[in-house]
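Subject: Structure handover

Hi,

Here is the structure I promised to pass on. Please open it first, then read my notes below.

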Amino acid sequence: MNVNLVVDAKGLACPMPIVKTKKAMDTINAGEVMEVQATDRGSLADMKGWAKTTGHEYIGSKEEGEVLLHYVRKANPEEVKETKSYPKEMTMKNSKRFLKKTI
């Protein structure tokens, strides 16, 4: 596989491997592949989920010793899913009111 960029996220805990991946993704062109090296076991699920929600292609992961190697292909701009914002946020204050009404 032709890798265009390697991101070193070894030793970083959640959410930092994803933060570094997102920043690095902004530096490569559509169709290029990034290898993210991580030691956080949770990065496996995180990388799959992040790729799915952003529209980038999760190619797969493999393990080399203690290091997980994740491969993600950058999508074309028209393939990337837009982040949705929601006008109402659940806060501690309004969640207590909501729970009182439903209980």
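Gly60 stands opposite Tyr71 in S4. Glu35 stands opposite Tyr71 in S4 too. A further bridge partner in S4 is Leu69, which faces Gln37.

Before the rest, some ground rules. This is a predicted model, where local features need pLDDT of at least 70 and side-chain atom pairs count only at pLDDT 80 or more, while totals for chains, interfaces and linings use all residues. Residues are numbered from 1 along each chain as its sequence is written, and side-chain values use heavy atoms, with hydrogens and water left out.

The overall layout

The chain has three helices and four strands. Helices (H or I, at least four residues) and strands (E, at least two) are DSSP runs, numbered from the N terminus. From that end, the elements run β-α-β-α-β-β-α. Of the 103 residues, 30% count as buried, meaning under 20% relative accessible area with a 1.4 Å probe and protein chains only; over 50% is exposed, and in between is partly exposed.

The sheet

The four strands form an open sheet in the order S1-S2-S4-S3, with mixed pairing. Two strands pair if DSSP finds at least two bridges between them. The edge strands are S1 (5–9) and S3, each pairing on one side only. S2 (residues 33–38) runs antiparallel to S4, joined by six bridges. S3 (residues 57–64) and S4 are also antiparallel, over seven bridges. Their hairpin has two residues between the strands, and Gly65 there takes a positive phi near 65 degrees. Six of the seven residues of S4 (residues 67–73) are buried, so S4 is largely enclosed by the rest of the structure.

The helices

How do H1 and H2 cross? The axes of H1 (residues 16–25) and H2 (residues 43–54) come within 10 Å and cross at roughly 40 degrees. That makes H1 oblique to H2. Axes are lines fitted to C-alpha atoms, for helices over the stretch in contact, and angles run from 0 to 180 degrees between N-to-C directions. Under 35 degrees is roughly parallel, over 145 roughly antiparallel, 65 to 115 roughly perpendicular, and the rest oblique. Pro17, Ile18, Thr21, Lys22 and Met25 of H1 make the contact with Ser43, Asp46, Met47 and Trp50 of H2. Contact means heavy atoms within 4.5 Å.

Best wishes
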